[in-house]
Amino acid sequence: MKTIPSRILLSASLLLTSLSYAADKEPGALLKVGEWRQDVGSYGVPKQFEHLVPAKWPRDQWYSLIIEENVLHIEAQSPADKNPEWLNKIVRQIPEENAPPASSSAEFTEQESDGILHLRVPGSPIKAGKHPLYVFKNGGHILNPELDYQYRLKLNEVPFGMRIQNGLKGKNGAPYGEGATYFIEYDGKQFEYALGYYGWASRIVGITDMDGDGFPDFIIEIDGPNSTAVIVLMSSTAKPGKNTPTASLHSWGC
């Protein structure tokens, strides 16, 4: 059976997710231990790393994100750790171009996710430590947002707003097309993020101040046609108007 080059598989997968932004323009990268066999049911290589062989992926400046009991724990990578094992678990699964993916079920079992996100945003002032998450009226940090509802909230006494829309809207206000769009407001400015996938299938899993600028940062999970994504939005990488996410991690659909 002829092996399909990994780059071709990845391009097809990204088309299926119908993303409305250029992921290669994201300033950061997001990884997670799991299946990276470059096939259906596994994670796709971040666009920033497509031109790199796995052994050359950046191995410094990573932060681990762990959510526990309404708190986001951020752990900075030790400068002495030049060869993180969690990253090895990912890159050794990814074949070189034109090489067949690994097929050992034992290898995939070893790569079962521990739920930890690994974020790298060079130049961004991510703050290690414990960060309280915004707690919604349901008593938790997770929200399945109501579409087209204007939320007015406060994080550490700083007011902010958000509205989630599905698809684009015409002049008469009727929605058309697909895609989750997040409109976030703070400091008298509005920030727009077109995330692709489906707006009604997105959920916010954490809002906190990760970079210490006093404004909200978001961790979002979102579904698409047979695909999923985790997306991080950080205020320190945003500008008023349209933005790409800070970093995102996408699974492959069929």
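How many aromatic pairs does the count come to? The count comes to 11 aromatic pairs in this structure, which is a predicted model.

**Aromatic pairs and a cluster**

- A pair of aromatic rings is described by the distance of the centres and the angle of the planes.
- Trp36 and Tyr43 form a tilted pair, with 5.3 Å from centre to centre and 45 degrees between the planes.
- Both members of that pair, Trp36 and Tyr43, are buried.
- Trp36 also pairs with Trp57, here in an edge-to-face arrangement, with 6.3 Å centre to centre and 75 degrees between the planes.
- This second pair links distant parts of the chain, as Trp36 and Trp57 are 21 residues apart; both are placed in the loop between strand S1 (29–32) and strand S2 (63–68).
- Trp36 counts as buried because its relative accessible area is 0%, under the cut-off of 20%.
- Trp57 is likewise buried, because its relative accessibility of 3% is under 20%.
- Trp36, Tyr43, Phe49 and Trp57 together form one aromatic cluster.

**A charge over a ring**

- Arg163 lies over the face of Phe183, at 4.4 Å from the ring centre.

- Thr228 belongs to strand S12, which covers residues 228–233.
- With a relative accessible area of 36%, Thr228 is partly exposed, because this value falls between the 20% limit for buried and the 50% limit for exposed.
- When neighbours within four places in sequence are left aside, Thr228 is in contact with Tyr197, Ile222, Asp223, Leu249, His250 and Ser251.
- The C-alpha atoms of Thr228 and Ala201 are separated by 9.7 Å, while the two residues are 27 residues apart along the chain.

**Cavities**

- A search of the whole structure finds two cavities of 30 Å³ or more.
- The second largest cavity holds about 30 Å³ of space.
- Its lining is made up of Ile184, Tyr186, Tyr193, Pro216, Phe218, Leu233, Met234 and Ser235.
- By class, the lining of the second largest cavity has seven nonpolar residues and one polar residue, with no charged residues.

Methods
Residues are numbered from 1 along each chain as its sequence is written. This is a predicted model: local features need pLDDT of at least 70, side-chain atom pairs count only at pLDDT 80 or more; totals for chains, interfaces and linings use all residues. Side-chain values use heavy atoms; hydrogens and water are left out. On a 1 Å grid over the protein atoms alone, a cavity is a set of points where a 1.4 Å probe fits but cannot get out, and a pocket is an open set with protein on both sides within 12 Å along at least five of seven lines; lining residues have an atom within 4 Å of a point. Grid points are joined across faces, edges and corners, and a volume is the space filled by probe spheres set on the points. Ala, Val, Leu, Ile, Met, Phe, Trp, Tyr, Cys and Pro count as nonpolar, Asp, Glu, Lys and Arg as charged, and the others, Gly among them, as polar. Helices (H or I, at least four residues) and strands (E, at least two) are DSSP runs, numbered from the N terminus. Buried means under 20% relative accessible area, exposed over 50%, partly exposed in between (1.4 Å probe, protein chains only). Contact means heavy atoms within 4.5 Å. Rings of Phe, Tyr and Trp (its six-membered ring) pair if their centres lie within 6.5 Å; planes under 30 degrees apart count as stacked, over 60 as edge-to-face and the rest as tilted. A charge sits over a ring if NZ of Lys or CZ of Arg is within 6 Å of the ring centre and within 35 degrees of the ring normal.
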